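Visitor: Let us go through the side-chain links. Please show me the structure.

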Amino acid sequence: DYTLEEEEVVLVCTAEANPQDVQFWWDKDNITFDGQNSEDTLESVVRLKIMNESIGTYYCHVSNSVGKGEPCMIELTEWMMTKGLSEEVIVILIAVAGSVIVLLIIIVITACLYCGERKE
């Protein structure tokens with residue numbers, strides 16, 4: 001599972017195990033790392049900055065004294081990381097895009113008028 005916060009994507013891995021003394025570890029691109037583990041809820045959390053390097057496939061592994069469970073997989077995509085943009089940011093992006101379009105139209109009109117005057 002994942003959630004979006006202000007500047008982070010939070011991946012959450014939850015286990016159901018008996019005995020509940022579990023070990024979590026994560027991997028992405030064959031690099032193993034630990035998350036923030038909570039023994040009370042049998043969860044491991046990974047916080048990732050919203051940046052291109054965070055995009056990819058993450059695997060959460062868990063094991064206990066009985067053995068190792070099947071890893072959970074989450075594919076973190078660019079869409080997942082950007083859908084959490086606040087309405088304010090979206091309004092600003094639309095305003096900037098609109099301004100650029102208006103500026104381009106003004107440049108084209110000015111260029112056409114300039115070319116028309118040179119012909120006369």
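Visitor: How many salt bridges does a search of the whole structure find?
Guide: This is a predicted model, where local features need pLDDT of at least 70, side-chain atom pairs count only at pLDDT 80 or more, and totals for chains, interfaces and linings use all residues. Residues are numbered from 1 along each chain as its sequence is written, and side-chain values use heavy atoms, with hydrogens and water left out. A salt bridge here is a side-chain nitrogen of Lys or Arg within 4 Å of a carboxyl oxygen of Asp or Glu. Searching the whole structure gives 2 salt bridges.

Visitor: Which strands are tied together by Arg47 and Glu8?
Guide: The two side chains meet in a salt bridge, N to O 3.3 Å. Strands (E, at least two residues) are DSSP runs, numbered from the N terminus. The pair ties together parts that are 39 residues apart in sequence, because Arg47 lies in strand E6 (residues 43–49) and Glu8 in strand E2 (residues 8–14). The strands are E6 and E2.

Visitor: What is the handedness of the disulfide of Cys13 and Cys60?
Guide: A disulfide is a pair of cysteine sulfur atoms within 2.5 Å. The sulfur atoms of Cys13 and Cys60 are 2.1 Å apart. The torsion about their S-S bond is about -90°, so the disulfide is left-handed.

Visitor: Where in the chain do Cys13 and Cys60 lie?
Guide: They link distant parts of the chain, 47 residues apart. Cys13 is buried at 6% relative accessibility, and Cys60 is buried at 2%. Cys13 is in strand E2, and Cys60 is in strand E7 (residues 56–64).

Visitor: What is the nearest cysteine sulfur to Cys112, and how far away is it?
Guide: Cys112 counts as exposed, at 52% relative accessibility. Cys112 is in no disulfide. The nearest cysteine sulfur is that of Cys115, at 6.7 Å.

Visitor: Is Cys115 buried, partly exposed or exposed?
Guide: Cys115 is in no disulfide either. Its relative accessibility is 42%. Cys115 therefore counts as partly exposed.

How values were computed. Helices (H or I, at least four residues) and strands (E, at least two) are DSSP runs, numbered from the N terminus. Buried means under 20% relative accessible area, exposed over 50%, partly exposed in between (1.4 Å probe, protein chains only).
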